[in-house]
Amino acid sequence: MRNSTLKKSLSGYLFVLPQFLVFAVFTIYPIFEGFRISLYQTDAVRNSFVGLKNYVDLFADPVFLRSVWNTLFLTAVVTVVSLFIGLTVSIGVFDKSGAYISFIRTCYYLPVVVSTVVMAMIWSFLLNPASGLIPYLMRNMGMGNVNLLGDKRYVLWIIAIVTIVASLGTCMIMYIAALAGISREMFEAAEIDGATKFQRAIYLIIPLVKPTTLYLTVTQVINMLKLFVIVQLLTDGGPNNASMTMMYYLYRNAFKYDKVNTAAAIGVLMFLFALIITLPQFRTLAGIEPKKKAKN
């Protein structure tokens, strides 16, 4: 009996082993290697251990501090707005006909299907201060010549809007799928009790789609920490580092300034930020499951 149980366990581990090896080589090892590199200072002659000096220098660097603020700002704005609009649209269409839902879903999901590079290039053309459609419409409305990508007051908001458009489709698809899994009897019971559509959304739908909301929040936070292509193609971190993000500053240090150790330190800090932001959400998600099992 013990031998058969051992064989079953061993066969299970063997099936998991290839995936675990890939995960260890391409995820776990780079994390530890990045932390190791961040503790050294490399030049053309030698590789010197400097401890936490790279981290101290980063927090004394105003450009890095600006990139942290920009990343946190974009993460908060894009996550909140994307989830709010995605949930609102999903609540508005999920009980409509199948053809209508498919049409709305296609319209919102199209920017997700399009390559980020292509989408960023289209927005760059639309926002071009000389020949872009958006500045042209603004001039016709009497708003004057406004360079939205060249003005520190607007550039972060423009990047946020572009990112929201790119991520809104995913939020809506996930919420529609979550709403489809809710029993119709619950909606009928709430309607019989006299609940309005707004009350059903607040007291019924939002609590029931909480796991989806937490999942989307985690993925949005991670995606915003990795925000790179849109910043590179629209603003290149400008004007005057006003749209610099942590990921783009990491790229500049690694491939433009040849400061690999500083780039590794930024990567470690991004990893720690992701843990700090997402771990409470995972704990909240874990606290939901026992309640569901208890009800069953």
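At its relative accessibility, does W157 count as buried, partly exposed or exposed? At 47% relative accessibility, W157 counts as partly exposed, where buried means under 20% relative accessible area, exposed means over 50% and partly exposed lies in between, with a 1.4 Å probe and protein chains only. The legends below take up this residue and several others.

The model shown is a predicted one, in which local features need pLDDT of at least 70 and side-chain atom pairs count only at pLDDT 80 or more, while totals for chains, interfaces and linings use all residues. Residues are numbered from 1 along each chain as its sequence is written, and side-chain values use heavy atoms, with hydrogens and water left out.

**Figure 1. The protein chain as a whole.** The secondary structure of the protein chain comes to 13 helices and two strands, where helices (H or I, at least four residues) and strands (E, at least two) are DSSP runs numbered from the N terminus. The radius of gyration is 24 Å, well over the 19 Å that the globule rule gives for 296 residues, so the protein chain is more spread out than a compact globule; this radius is taken over C-alpha atoms, and the rule is 2.2 Å times the number of residues to the power 0.38. Taken along the principal axes, the C-alpha atoms fill a box of roughly 80 × 75 × 30 Å. Of the 296 residues, 37% count as buried. The protein chain exposes about 17,900 Å², of which carbon and sulfur atoms supply 68%; accessible areas come from the Shrake-Rupley method with a 1.4 Å probe, and for residues only the protein chains shown count as cover.

**Figure 2. The largest nonpolar core, with L74.** A nonpolar core is a set of buried Ala, Val, Leu, Ile, Met, Phe, Trp, Tyr and Cys residues joined through side-chain atoms within 4.5 Å. The largest such core has 45 residues, and of these F64 and L74 touch the most other members. Among the helices that each supply at least two residues of this core are α3 (62–93), α7 (155–180) and α13. Not counting residues up to four places away in sequence, L74 touches T79, L156, I159, A160, M224, L227 and T245, where a contact means heavy atoms within 4.5 Å. A second, separate core of 16 residues includes L83, F94, A178 and A201.

Figure 3. Rings of Phe, Tyr and Trp (its six-membered ring) pair if their centres lie within 6.5 Å, and planes under 30 degrees apart count as stacked, over 60 as edge-to-face and the rest as tilted. By this rule the count comes to eight aromatic pairs. The rings of Y40 and F49 have their centres 5.4 Å apart and their planes at 75°, so this pair is edge-to-face. Y40 is partly exposed, with a relative accessible area of 22%, whereas F49 is exposed, at 57%. F73 and W157 also form an edge-to-face pair, with 5.0 Å from centre to centre and 90° between the planes. Because F73 lies in helix α3 and W157 in helix α7, the pair ties together parts that are 84 residues apart in sequence. F73 is buried, with a relative accessible area of 17%. Ring pairs also link F228, Y248, Y251 and F255 into a cluster.

**Figure 4. A charge over the ring of Y40.** R36 lies over the face of Y40, at 5.6 Å from the ring centre. A charge sits over a ring if NZ of Lys or CZ of Arg is within 6 Å of the ring centre and within 35 degrees of the ring normal.

**Figure 5. T42 and T262.** T42 lies in strand β1 (residues 40–42), while T262 is found in helix α13 (residues 260–295). The two are 220 residues apart in sequence and 9.9 Å apart in space, C-alpha to C-alpha. T42 is partly exposed, with a relative accessible area of 44%, but T262 counts as buried at 15% relative accessibility. Leaving aside neighbours within four places in sequence, T262 is in contact with N54, L58 and N253.

**Figure 6. Backbone details in two loops.** Most residues other than glycine have a negative phi, and most peptide bonds are trans. A cis peptide bond joins G238 and P239, with omega about -5°, and P239 is found in the loop between α11 and α12. D236 is found in the loop between α11 and α12, and its phi is near 55°, a positive value. D258 has a positive phi of about 60°; its place is in the loop between α12 and α13, and at 62% relative accessibility D258 counts as exposed.
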